Amino acid sequence: MLSTEENKTLTNVGAGTPAGEWLRRFWHPIAISDKWTGVKTHWNYESPITIDGEVGTVGSWADRLANFKGEPTPVKIMGEDLVLFRDGMGTPGLIGKFCPHRGASMEFGRIIENGIACCYHGWAFDVSGNCLEMPAEPEAKSFKDKVKHKAYPVEEMGGLLWTYMGPGDAPLLPRFDVFAREDGVRAVENFGLWPANYFQVCENTVDQAHTNILHGGTGGERSDIWGSELPQTKWELMEYGIKCTANRIAMNYNRATSYILPTMARLPQPWPGGKFKWPRISANWRTPVDDNHTLVLSVCFTPEVDGQLPELPEGMTFHVGDALLVHREQDYQAIVSQGSIFNRNIERLGTSDEGVILLRKTILDGIKAVQNGEDPLGVRRKGDPKEIIDLSKVAYDGLNEATV
Amino acid sequence: MLSTEENKTLTNVGAGTPAGEWLRRFWHPIAISDKWTGVKTHWNYESPITIDGEVGTVGSWADRLANFKGEPTPVKIMGEDLVLFRDGMGTPGLIGKFCPHRGASMEFGRIIENGIACCYHGWAFDVSGNCLEMPAEPEAKSFKDKVKHKAYPVEEMGGLLWTYMGPGDAPLLPRFDVFAREDGVRAVENFGLWPANYFQVCENTVDQAHTNILHGGTGGERSDIWGSELPQTKWELMEYGIKCTANRIAMNYNRATSYILPTMARLPQPWPGGKFKWPRISANWRTPVDDNHTLVLSVCFTPEVDGQLPELPEGMTFHVGDALLVHREQDYQAIVSQGSIFNRNIERLGTSDEGVILLRKTILDGIKAVQNGEDPLGVRRKGDPKEIIDLSKVAYDGLNEATV
Amino acid sequence: MLSTEENKTLTNVGAGTPAGEWLRRFWHPIAISDKWTGVKTHWNYESPITIDGEVGTVGSWADRLANFKGEPTPVKIMGEDLVLFRDGMGTPGLIGKFCPHRGASMEFGRIIENGIACCYHGWAFDVSGNCLEMPAEPEAKSFKDKVKHKAYPVEEMGGLLWTYMGPGDAPLLPRFDVFAREDGVRAVENFGLWPANYFQVCENTVDQAHTNILHGGTGGERSDIWGSELPQTKWELMEYGIKCTANRIAMNYNRATSYILPTMARLPQPWPGGKFKWPRISANWRTPVDDNHTLVLSVCFTPEVDGQLPELPEGMTFHVGDALLVHREQDYQAIVSQGSIFNRNIERLGTSDEGVILLRKTILDGIKAVQNGEDPLGVRRKGDPKEIIDLSKVAYDGLNEATV
């Protein structure tokens, strides 16, 4: 049970809020890159949502960020209204939505060689927020230097565009295996805009009991196995987050997933039917849109084994989305139906929620670190920026691994 | 004219509010029972409404509660989010929407023999809110006894499911003639979710002048007669509410309706055209959904006369809904267009509003009784629970009665 | 940059607010008159808007006020809920929406010879708000005189219905040339309900730089010329508002538009392609609906020259709407995308915004005048009420004028 104040501390994502500032110490993916030419998909889920008066569905909102084409595209991240675009040289930019001159949205801006120009009076900015032009100002030369527009750096990795919205120098963009390995097939998926606070979605990852109950039984992939035996569970803090182990003793079936800070789930993924034997790893990232909405992006990577890609059985694809539709809809229902921000005043936690308790403590520790001017756990500044971070030791599935 | 404070006192329906606590001393119908096999219908009114972000119509919201099938069904009553269901043995239950474990909605729950299990981690509850199972908790045995979920009793009567959401022992569920008589044909109708506070709808019942003006003239059943002469009106407090008499002297036509506490109208109903002669009695109940929305349920009963049911003329049915469509739409417009909670600061009451004034006083007296720890007028605890309460003396129509 | 308080002062339109009281010293058009038999059109813009829970589009909301037929029609002006109608004798009336008896909306009222009667209990009012009937009140005779309903005067001019919602005697309804000249063809247009504060739309008129940038370039009428050279601009306060001059020196092309208080733009209008040579003058009026929505009405007048009307080239019409669709959509995007009330805390004004600064000062001076009990600039009380106010000296287009 959390007090109202503790719940706010963990769930509010705006600039200046405790969790908002903690989240801003990390890179977050915000869209599927227009340069990504590989497998991609998005979830056409028809559940209705309304955000800022705009009526849509979980799927329709995903369209925009699943099919970004480089044109100025409005996007809200952690409560901030922004516009994502690529300048005429192909550099991606993420700037404040409202032109600092008189507030017209940069989503109607015109792309120029090295930036974007506002539709209204032509004030132009580069991807760093520097003002390049003020065509109607006679004294533009000196005025321009006084105007700096909000701008966040954008990087590409694993078919996604990532941004860092925090202060100071950005930390390294961590090249987790799912995003960075090149020896296989990557599928990039947009799972839509969920009308729920990011933290609700995140708790689901350190909650091994739900795999048995919510996904157990008939209907979903591997559901029969997951539902057949309650696992022995363990949660351990590690360098990048929390390793969650669920071992089914009777079946001698060990499974581990990992929670990667700030909001990612690193999972071993079964294939449809659970029968096809080939490793498959995936990551789900939850990027807060505002306090009540979360963008869920997913990447799935199928590695080569002995230099070979698998020949997929009929009806299978490299992306997880279609295969695990039942599981995703189950998660969606369980998570979104708690209300857009679950009132944790009324919860009753048990021993199966120890992972949830550890996650909360970890985030609160991260918040404290930020408030003390330190980097929170999970932020990486040292080492080779190109190093690929192998997470296979903390996310594996005994049934998958046995096969190859 | 009411002050803002007085208006709030009468209109707010949440737990802990004055009228909310008063309303909670009575049973309220919340859905058409899935066991009801008789005549039923609902009003497919296409006027748009949005509640809790869910876009629908007056009619579409009625669908869910007109066609309850026993499956877990979300329902909001007096501002409380609840789920209505039938357990595996057929007992109806009404429990809190949010699982007391981690808040997933019980609307996605799985029906079990003697209760319902949450989709997320399987916590199971019986219809009394007792926790039956915690499948992922090793110490479930002792933990379970400490967890009690919100649950309200549900009874069946007259084709409707009724609940009592107040403290202590529930009073008797009053078996008014319309709901309880068996010597005739009962039609059960769902008149939709009206985007107006319950009290606005209720005032309409003790407002005999509107029958002449709003329903008078052409278009509705008996409109020509009702509109032809202003009646002499009288309002009298009685055991279960207010008897409202409207006598048209010139025509020697006496009519009485009664307001049954807390929110019911007991009416004599004309048949289409007013020509067909057979008694017909009905009840409209207004169940508050939240401060701004009211569920209107109606039951119409056509009794046998001398052991015989009428042979209906062509085009007539046993339900009121289709016949009085013009009247209902007129009432809807007059009531809903006042705003979802009418600002009674600006009203100017006349002598024709004496019934309204008496109703307000009666409810305020009821509120005071509750605040003093007493039962308000209309609550019944003594006597034979099976006794049918005959209201024909306080609700009759001279034109109907003359016929049989 | 404005402080939050200054921004509120200029943008809030409700009764009792500074700008709301200033606006209430002027007449405003609220609908296309049902008596108007000339050219009319409205903008079927499909951009979605929701106002008071009613979901619609910029165009659908325009329908109601573009096609007023004399029937009671709900309309919100400056935050006040009103009903526009014509009584049985043809006199237009604008009265409070909520009946002063028990609040039913007068939009469901019945038109009577000299007024309108509420649907609920028949209280009837004339266009001045006098109570004419209380059919259910025995003492109606004396009660009626105590009840006065909110009512505003309505006048017709130039195909529009105008109202004055201020205190005391209404000033003259200023007969500007566009609305009052009879020697030509008038087209009346409803440009829809814009989900933006009136002041944002108004600033666009004293912003000559945007003509070059937003409308310059390809796509809109005269865009190539407007975009080819930055004009020398000047803003001058005059009797009815602000004269805005934009002279393009290299082309020897002078253009002036004028801002007419409180919210009108008086423009010289190019013909499609800019090629056809004939004078054409227009007015856009922005009537505040509430703080966040503005009704944009437009009138375009094509005068006779030497007693002759032009023969229009193929594909041209007398209304501006269809011809300048590109410009209007550009304005809509630039204005509405600032947010429904632009947060002027973040703006950075330059020398090209001197007109905006002058407009703000002019309105603030008008607000001060009102607060001192004086008429603000632009209010006209003296002189011949029938005099047509010629604005051709303060609104002209060198390219148009050169031709005839």
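Strands are taken here as DSSP runs of at least two residues, numbered from the N terminus, and two of them are said to pair if DSSP finds at least two bridges between them. In the predicted model described here, strand β10 of chain A, which comprises residues 124-125, pairs with β11(A) in the antiparallel sense over two bridges, and within β11(A) it is C131(A) that stands opposite F125(A). These strands belong to an open sheet of four strands in chain A, arranged in the order β8-β9-β10-β11 with antiparallel pairing. The edges of this sheet are formed by β8 (110-112) and β11 (131-133) of chain A, each of which pairs on one side only.

The contact between the two chains draws 24 residues from chain A and 22 residues from chain B. About 1,900 Å² is buried between chain A and chain B, with 57% of this area on carbon and sulfur atoms. On the side of chain A, the residues that lose the most area to chain B are I213(A), S337(A) and R348(A), which together account for 31% of what that side buries.

Two salt bridges are counted between chain A and chain B; in a salt bridge formed by D353(A) with R102(B), the closest N and O atoms lie 3.0 Å apart. Eleven residue pairs, with both residues at pLDDT 80 or more, are found in polar contact across the interface of chain A and chain B. Helices α7 (209-213) and α9 (325-336) of chain A are the elements that give two or more residues to the side touching chain B, and by class this side of chain A has ten nonpolar, nine polar and five charged residues.

Methods:
Residues numbered from 1 in each chain as written. Chains lettered and ligands numbered in written order. Predicted model: local features only at pLDDT ≥ 70, side-chain atom pairs only at ≥ 80, totals over all residues. Heavy atoms only, no water. Contact = heavy atoms within 4.5 Å. Buried area = accessible area lost by both parts, 1.4 Å probe. Salt bridge = Lys/Arg side-chain N within 4 Å of Asp/Glu carboxyl O. Polar contact = N/O pair within 3.5 Å; in protein donor to acceptor, adjacent residues only side chain to side chain. Nonpolar A, V, L, I, M, F, W, Y, C, P; charged D, E, K, R; others polar.
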